[in-house]
Every structure is written in structure tokens, then in C-alpha cells.
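Open the structure in your viewer and keep the selection tool at hand. The tour goes from the whole chain to single residues.

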Amino acid sequence: MDITLTDGGIETRIIYEFKRAIGDSEAYKLLADEASCDILRRIDQSYAEVAVRHGSPIQLGTPT
């Protein structure tokens with residue numbers, strides 16, 4: 001069985017891990033400045049590290 005890792009819960013992670021107040025489906029607002037973009041990079045990197053560790057393909061969404 002092939003398993004592909006996907007991202008998920010991006011807004012929830014932004015709110016609770018990074019303490020940024022955003023609304024539903026508003027991750028795109030983090031594209032406005034470099035510091036906020038870093039949050040998105042860190043989230044994607046965390047998923048990528050899991051995929052590499054397990055040798056799994058990965059599919060990441062965009063915040064747009």
C-alpha cells in the first residue's frame with residue numbers, strides 16, 4: 001500500500017502553535033510579510049521532515 005503524506009490543519013497550527021489570530025481559511029494572510037511567511041515555511045518543513053524520515057511521498061497545499 002502506498003501512502004502519501006499531506007498537510008492539514010494549517011490554520012489550527014498557526015493559531016495554537018504560533019499564536020497568530022486568523023480566521024477560517026485565512027492562512028493566505030501570512031503571505032503579506034517575511035516573518036509571517038516564515039511560519040508557513042516552518043509548517044511545510046515539519047511535514048517534509050516526516051516524509052523524508054519515513055521515505056514517503058508528500059503533497060503540500062498552498063495558502064492561496
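What follows is a list of stops, each with something to select and a note on what is there.

**Stop 1: the whole chain**

Keep in mind that this is a predicted model. Show the chain as a cartoon and look for two helices and two strands. Starting at the N terminus, the order of elements is β-α-α-β. Switch to the C-alpha trace, which spans about 40 × 20 × 20 Å along its principal axes.

Of the 64 residues in the chain, 23% count as buried.

Colour the side chains by charge. There are 7 positive and 11 negative side chains, and the centres of these two sets are 6 Å apart.

**Stop 2: Asp7**

Select Asp7, in the loop that joins strand E1 (5-6) to helix H1 (10-16). Is Asp7 buried or exposed, and which side chain of opposite charge is nearest? Asp7 is buried and has no salt bridge. The nearest side chain of opposite charge belongs to Arg13, 8.4 Å away. A salt bridge needs the side-chain nitrogen and the carboxyl oxygen to be within 4 Å.

Now show what surrounds Asp7. Leaving out residues up to four places away in sequence, Asp7 touches Tyr47, Gln59, Leu60 and Gly61. Zoom in on Gly61: its backbone nitrogen is 2.9 Å from a polar atom of the Asp7 side chain.

**Stop 3**

Move to the loop between H1 and helix H2 (34-54) and select Lys19. The phi angle of Lys19 is near 55°, which is positive although the residue is not glycine. Most residues other than glycine have a negative phi. Lys19 counts as exposed because its relative accessibility is 65%.

Ser25 is also in the loop between H1 and H2. Its phi is near 55°, again a positive value in a residue other than glycine. With a relative accessible area of 60%, Ser25 is exposed.

**Stop 4: Glu26 and Lys29**

How many salt bridges does the structure hold? There are four. For one of them, select Glu26 and Lys29, whose closest N and O atoms are 3.4 Å apart. Glu26 is partly exposed at 22% relative accessibility. Lys29 is partly exposed too, with a relative accessible area of 42%.

**Stop 5: Glu34, Asp38 and Arg41**

Select Glu34, Asp38 and Arg41 together, which are linked in a network of salt bridges. Begin with Glu34 and Arg41: their salt bridge has its closest N and O atoms 2.4 Å apart. Then look at Arg41 and Asp38, where the closest N and O atoms of the salt bridge are 4.0 Å apart. Why are Arg41 and Asp38 separated by about one helical turn? The reason is that they are three residues apart in helix H2.

Finish with the surface turned on again and compare how open each of these residues is:

- Glu34 counts as exposed, at 55% relative accessibility.
- Asp38 counts as partly exposed, at 33% relative accessibility.
- Arg41 is partly exposed, with a relative accessible area of 42%.

Methods:
Residues are numbered from 1 along each chain as its sequence is written. This is a predicted model: local features need pLDDT of at least 70, side-chain atom pairs count only at pLDDT 80 or more; totals for chains, interfaces and linings use all residues. Side-chain values use heavy atoms; hydrogens and water are left out. Helices (H or I, at least four residues) and strands (E, at least two) are DSSP runs, numbered from the N terminus. Buried means under 20% relative accessible area, exposed over 50%, partly exposed in between (1.4 Å probe, protein chains only). Lys and Arg count as positive and Asp and Glu as negative; His and the chain ends are not counted. The place of a charge is taken as NZ of Lys, CZ of Arg, CG of Asp or CD of Glu. A polar contact is a pair of N or O atoms within 3.5 Å; within protein, one must be able to donate a hydrogen and the other to accept it, and residues adjacent in sequence count only if both atoms are side-chain atoms. Contact means heavy atoms within 4.5 Å.
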